[in-house]
Amino acid sequence: MANDSGYLLDNQQAEAGTRFGALAALFNPSTFRHIDALGIAGGWRCWEVGAGGPSVPSWLAARVGPAGHVLATDIDVSWMTAAAGAGYEVRRHNVGVEPPPGDGFVLVHARLVLVHVPQRAAALAAMISALRPGGWLLVEEADPMMQPLVCPDESGPAQRLANKLKRDFRTLMAQRGVDLSYGRALPRLLRGAGLVDVEADAFFPMTGAACTLLEQATVTQIRDRLVAAGLATNEEVDRHLDNVAAGLLDLATSPMISAWGRKPA
């Protein structure tokens, strides 16, 4: 996914670590609340799909204990290799094109993964096939079209510029096959795949240090592609980053849709 025809936010870039940290601060509490509600316990076998960084697999490993097993996979595992001895297994894997790396999982979880996978239908089917009967799938995806503004309170030129650059970013994502409305479809897709007890909710962070860090790292990562595509100028990007650093903006993320369902026993 980390090329001009795929994922814009290359894990090889230095800003990836900052993004992982900001995403963890923003969304880990919600993710962990959902997994706790599903009843995670010692001895569970868990597959963390597209883990990116170590925060979620580390938490899962602590929950399932030595009797359980956590497998963390990603196309790029460079941010997890240093933590490979932290109680979970790390494996390079492309969920869109490769068979599941195992089966009999009690929990399969993916966050901010499937929207970036061109073969997302095949990836979802693979994740479900890896569940044991009675096992849970939890998928969490942003829905940028549900709330498209990074500054919902568009009160001045700084906010208008921020929202303009966010529109430019969405244009780049759409050109690379990202489904910007995928999150809202998750409940229907889980039911259509045969899962039962399907539910969902949404989480919408707005304002705070983690939102600021995420915006700075994301815009820095994509600036060259924005400029190369003629969507933005370096002056616009610099001005926006200065506005962010000055604390002028109440920044928001796209709503995160969390949907979960159980494989019939």
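**View 1. Three aromatic pairs are present in the structure.** Rings of Phe, Tyr and Trp (its six-membered ring) are paired if their centres lie within 6.5 Å; planes under 30 degrees apart count as stacked, over 60 as edge-to-face and the rest as tilted. One of the pairs joins Phe-27 and Phe-203 edge-to-face, with 6.0 Å centre to centre and 85° between the planes. Because Phe-27 belongs to helix H1 (residues 15-37) and Phe-203 to strand E6 (residues 196-203), the pair ties together parts that are 176 residues apart in sequence. Helices (H or I, at least four residues) and strands (E, at least two) are DSSP runs, numbered from the N terminus. Phe-27 counts as buried at 4% relative accessibility, and Phe-203 counts as partly exposed at 30%. Buried means under 20% relative accessible area, exposed over 50% and partly exposed in between, for a 1.4 Å probe and protein chains only.

The model is predicted: local features need pLDDT of at least 70, side-chain atom pairs count only at pLDDT 80 or more, and totals for chains, interfaces and linings use all residues. Residues are numbered from 1 along each chain as its sequence is written, and side-chain values use heavy atoms, with hydrogens and water left out.

**View 2. Trp-47 and Phe-105 form a tilted aromatic pair.** The ring centres are 5.9 Å apart, with 35° between the planes. Trp-47 lies in strand E1 (residues 45-49) and Phe-105 in strand E4, so the pair ties together parts that are 58 residues apart in sequence. Trp-47 is buried at 0% relative accessibility, and Phe-105 is buried at 1%. Over the ring of Phe-105 sits the charged end of Arg-45, 4.7 Å from the ring centre. A charge sits over a ring if NZ of Lys or CZ of Arg is within 6 Å of the ring centre and within 35 degrees of the ring normal.

**View 3. Strand E5 (residues 131-142) is largely enclosed by the rest of the structure, because nine of its 12 residues are buried.** Strand E4 (residues 105-111) runs parallel to E5 and is joined to E5 by six bridges; here His-109 stands opposite Leu-138. Strand E7 (residues 256-262) runs antiparallel to E5, with seven bridges, and Glu-140 stands opposite Ser-258. Two strands pair if DSSP finds at least two bridges between them. E4, helix H3 (residues 120-129) and E5 make a right-handed β-α-β unit.

**View 4. Leu-189 lies in helix H5 (residues 182-192).** At 25% relative accessibility, Leu-189 counts as partly exposed. Leaving aside residues up to four places away in sequence, Leu-189 touches Leu-124 and Tyr-182, where contact means heavy atoms within 4.5 Å. The C-alpha atoms of Leu-189 and Ala-259 are separated by 9.7 Å, at 70 residues apart along the chain. The ring of Tyr-182 has the charged end of Arg-120 over it, 5.6 Å from the ring centre.

**View 5. The whole structure contains zero disulfides.** A disulfide is a pair of cysteine sulfur atoms within 2.5 Å. The sulfur of Cys-151 is 10 Å from the closest cysteine sulfur, in Cys-211, which is too far for a bond. Cys-151 is buried, with a relative accessible area of 1%, and Cys-46 counts as buried at 0%.

**View 6. Helix H2 (residues 55-64) has buried residues including Val-56, Trp-59 and Val-64.** Pro-57, Leu-60 and Ala-61 are also among the buried residues of H2. Just after H2, Gly-65 takes a positive phi of about 70°.

Methods. A crossover is right-handed if, with the strands pointing away from the viewer, the path from the first strand over the helix to the second runs clockwise.
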